[in-house]
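Let's take a walk through this structure, starting with its charged side chains and ending on its surface. Keep the model open as you read.

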Amino acid sequence: MNDFITQFPQSTVGGLTVGAIYALIALGYTMVYGVLRLINFAHSEIFMIGTFGALFVVTQVVGVTAPLSGLALVGMLLLLLTVAMAASGGAAVALEYIAYRPLRRRGATRLAALISAIGASFFLQELFALQVIPPLFDRPEGRNQLGVPRIVEKDTLFTIGDAAVRTDHVIVIVAAVAMMIALDQFVSRTKIGRGIRATAQDPETAVLMGVNIDTIVRTTFLLGGAMAGVAATLYIVEFEITQYNIGFILGIKAFTAAVLGGIGNLRGALLGGFALGLIENWGAIFFGSDWKDVIAFTVLVIILMFRPTGILGESLQQARA
């Protein structure tokens, strides 16, 4: 108990930081499920593509060799966000067009779409390991972990009790919350957002009301992919590594966060992400850091058993300003 009290403040800061990344990735799962009732298990590779887009800018375009500060840091973060969001968003749209749209137009079952998602996930992993990473990053073996040069100096800005809150913690949490609020407002207030909610509620009626389903689905994948790109940028800022299969465990945890908060609910993804990050970090105090994955997957099993609708239990079409 003494160890828990001592480590609790710093563990909470770490949990909120990683939880923000879970929440951003979970948005992609929850949006696609809300509109198509599809679990897009290839979304973890959309996140992975975003990390490599950001890494390419840092190492091959700009060539960062030392931590940045001031306007240089702000400019670099904006550049990384733009490239990662474009890479992940574009990959998500391409994935929908190639892997899911033909099945949807043929009236395929959800099981067929799920199998397609799993196949696309493994395809993208192997494609990057064999064809993308070696030439772009001069790595003959594309399965090795790649380090990312430090972009921001991880100085302590302030303390809360015994917890040191660093620069990178603030960047990750603030940026993640800002992007999630922006997405929530977009879905709640814009014409396209109303189309997304209408399609999620009743796609047949939405078509009769003039909603272009293909446009809505494409936009949904684009937005979910863009949020994964934001998560990718924040991940390399915080953890400074990436790999061809970096999204596998993170993707499952983000899916757990989506289920925990309420699959198909944007605000539920935010709540679920932060909750999962805190739960696994607090649990690690008692059981050790090696048990973090076990704790996260145990949470998934418990939620599916006792409250499969999640904490909030709302669906995407019920989101309002």
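Predicted model: local features only at pLDDT ≥ 70, side-chain atom pairs only at ≥ 80, totals over all residues.

Arg 101 is buried, at a relative accessible area of 7%, where buried means under 20%, exposed over 50% and partly exposed anything in between (1.4 Å probe, protein chains only). Its side chain meets that of Glu 96 in a salt bridge, 3.0 Å from N to O; the term covers a side-chain nitrogen of Lys or Arg within 4 Å of a carboxyl oxygen of Asp or Glu.

Residues are numbered from 1 along each chain as its sequence is written, and side-chain values use heavy atoms, with hydrogens and water left out.

Now look at helix 3, residues 70–105. Helices here are DSSP runs (H or I, at least four residues; strands are E, at least two), numbered from the N terminus. With 36 residues at 1.5 Å each, helix 3 should span 52 Å, and its end C-alpha atoms are 50 Å apart, which agrees; the expected span is 1.5 Å times one less than the number of residues. There is a kink of about 40 degrees at Ala 99, shortly before Pro 102, the bend being the angle between axes fitted to the seven residues ending there and the seven starting there. Just after helix 3, Gly 107 takes a positive phi of about 70 degrees.

Back to the charges: the structure holds twelve salt bridges. One of them joins Arg 166 and Asp 168 at 2.7 Å, N to O. Arg 166 counts as partly exposed because its relative accessibility is 25%, whereas Asp 168 is buried at 0%. Then there's Glu 280 with Lys 253, their closest N and O atoms 3.3 Å apart. Glu 280 lies in helix 10 (residues 266–287) and Lys 253 in helix 9 (residues 247–261), so this pair ties together parts 27 residues apart in sequence. Both Glu 280 and Lys 253 are buried.

Finally, turn to helix 2 (residues 43–62). Val 62 lies in this helix and, at 41% relative accessibility, counts as partly exposed.
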